[in-house]
Amino acid sequence: MKGKSLVVLCLLAACVGVGYRYLPSWYNPFAPLQLSDPPGRITQFKLRRLDQAQCASLLAQANQQKLITTTPVADSQGECPLTDVVRVRDFGPVKLSGSFLASCPLALSSALFVSQQARPLTEQYTGSTLARIDHFGSFACRNIYHRQNARRSEHATADALDISAFRLASGEQVTVLRGWQRDSTQPWLRAMLSASCGYYGNGLGPDYNAAHANHFHLGMRGYGICR
């Protein structure tokens, strides 16, 4: 009986080994992240565990594939020093109201979010293509909610972007403030905020508190909490 059990265990182990070997990379949490990996918890896990060198390599690939355009920025000192940041100028065909500073994780996560979710969701819900993203900026050397005794904001390390509106190829601008209240645009905006959970550590919108009534805060802290 023991011999049979051992044979069964060996067969199971062999099956697991073969399955693991031929498992598609996007289903394997320990395989290197690829820009073509579909959105999901495994992709999110891989994004969270990237070191600086891996992130920089993937961001360079994203530039080559025109998912994003970034330029290097020199390290800075001061009260809120910045290291290994870039200036994001666009997300390929999706333009920006202005360039912004971003840590490598924020830039890479944003490139994947825009290409894999924001653009398809915009076409699905509006019938138009996403042409531009308007924002309030990313880097700001301050504490959370500007409170004197609070911890530093994600903005103090260029780890968060505040998106205020989306512009469509049709010419229409949909702001978070007004679009969240309209029956015709709220489902789309909710879908966009929900989808951000797969890329950012946190996504905060109008339902979170009054301070976010007019923008989406997309930051790198946390583990995919969007509300």
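**Disulfides of the chain**

Counting the bonded cysteines of the chain in sequence order, the pairing runs 1-3, 2-4, 5-6. The model is a predicted one, where local features need pLDDT of at least 70 and side-chain atom pairs count only at pLDDT 80 or more, while totals for chains, interfaces and linings use all residues. Residues are numbered from 1 along each chain as its sequence is written, and side-chain values use heavy atoms, with hydrogens and water left out.

Searching the whole structure turns up three disulfides, a disulfide being a pair of cysteine sulfur atoms within 2.5 Å. One of them joins C55 to C104, with the sulfur atoms 2.2 Å apart. C55 sits in helix α3 (residues 52-64) and C104 in helix α4 (residues 104-126), so this pair ties together parts that are 49 residues apart in sequence. Here helices (H or I, at least four residues) and strands (E, at least two) are DSSP runs, numbered from the N terminus. The torsion about the S-S bond is about -110 degrees, so the disulfide of C55 and C104 is left-handed. C55 counts as buried at 3% relative accessibility, and C104 is buried at 2%; buried means under 20% relative accessible area, exposed over 50%, and partly exposed in between (1.4 Å probe, protein chains only).

Next comes the link of C80 and C141, whose sulfur atoms are 2.0 Å apart. With 75 degrees about the S-S bond, the link of C80 and C141 is right-handed. C80 is buried at 9% relative accessibility, whereas C141 is partly exposed at 36%.

C197 and C226 also form a disulfide, with 2.1 Å between their sulfur atoms.
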